[in-house]
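Student: Could you show me how to read strand pairing and aromatic pairs in a model like this one?
Tutor: Gladly, let us take them in turn.

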Amino acid sequence: MTPAQQLAAAMGSRRIEMVVIGGSAGGVDALVGLVPALPAGFGPAVTCILHVPPDRDSRLAELFAMRAALPVREAQDKEPIQPGTVYFAGSGYHLSIEQDRSFSLSCEPPVQFARPAIDILMESAADVYGPALAGILLTGANYDGAEGMCRIRECGGLTIVQDPEEAQARSMPEEAIRRCAPHMVLPLAGIRTVLPLLETP
């Protein structure tokens, strides 16, 4: 099956309202191929989280704003989440989603040696959005994100993992595949194909 056919089979009756994309080593390069694929008018919100060094400000939102057809900004504490917007986690704080669909920043200890941690964002998003959430896990050198993808699957959301065979660092996608049997395992080109289709009911 083509990636689009695989997505159609996996989507069922879901209507996606939030897409969470996580990655670590090699994640910036991966996102460079994905974020520009989102068309103007794309409905769901998109939240991207990469492992950012805590000792310097993240410039990811600034970098990707120049490449995206959608509004791009860094997620702020207590900020209501807007549809059709791409958010990036900043440095030094965990990012999570509250039940009122706003962002929350916290200084809790690192998870899998990371703050922000992919697991914290994905788990909180799964609890809020349930089947209306799509989680995408990209290249990375540790196991952050595997627990989050499992929670997304448990809550009825859609799970997509980058094919470890082409990942710059394969530990992260391999652990997610081992632990939670994601709905789709695709190369970046396949993820780029299905990403704009995620708002299709």
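Tutor: What follows goes from the sheet to the hairpin and then to the rings. This is a predicted model, where local features need pLDDT of at least 70, side-chain atom pairs count only at pLDDT 80 or more, and totals for chains, interfaces and linings use all residues. Residues are numbered from 1 along each chain as its sequence is written, and side-chain values use heavy atoms, with hydrogens and water left out.

Student: In what order do the strands of the open sheet lie?

Tutor: Strands of a sheet pair through backbone hydrogen bonds, either parallel or antiparallel. Here seven strands form an open sheet in the order β3-β4-β2-β1-β7-β8-β9, with parallel pairing. Strands (E, at least two residues) and helices (H or I, at least four) are DSSP runs, numbered from the N terminus, and two strands pair if DSSP finds at least two bridges between them. The edge strands, β3 (72-74) and β9 (184-186), each pair on one side only. From one strand to the next, the twist averages 20°; axes are lines fitted to C-alpha atoms, for helices over the stretch in contact (heavy atoms within 4.5 Å), and angles run from 0 to 180 degrees between N-to-C directions.

Student: How many bridges join β1 to β7, and what lies across them?

Tutor: Five bridges join the parallel strands β1 (residues 18-23) and β7 (residues 133-137), and I21 stands opposite I136 in β7. Helix α6 (residues 171-180) lies across β1, β7, β8 (158-162) and β9, at about 140° to β8.

Student: Do β5 and β6 run parallel or antiparallel?

Tutor: Strand β5 (residues 94-97) runs antiparallel to β6, joined by four bridges, with S96 opposite S104 in β6. Their hairpin has five residues between the strands, and R101 there takes a positive phi near 60°.

Student: How many aromatic pairs does a search of the whole structure find?

Tutor: A pair of aromatic rings is described by the distance of the centres and the angle of the planes. The search finds two. Rings of Phe, Tyr and Trp (its six-membered ring) pair if their centres lie within 6.5 Å; planes under 30 degrees apart count as stacked, over 60 as edge-to-face and the rest as tilted. F64 and F88 are stacked, 5.0 Å centre to centre with 20° between the planes. F64 lies in helix α3 (residues 60-65) and F88 in strand β4 (residues 86-88), so this pair ties together parts 24 residues apart in sequence. Both F64 and F88 are buried, meaning under 20% relative accessible area with a 1.4 Å probe, protein chains only (exposed is over 50%, partly exposed in between).

Student: And how are the rings of Y87 and F103 arranged?

Tutor: Their centres are 4.8 Å apart and their planes at 65°, so Y87 and F103 are edge-to-face. Y87 lies in β4 and F103 in β6 (residues 103-106), so the pair ties together parts 16 residues apart in sequence. Y87 and F103 are both buried.
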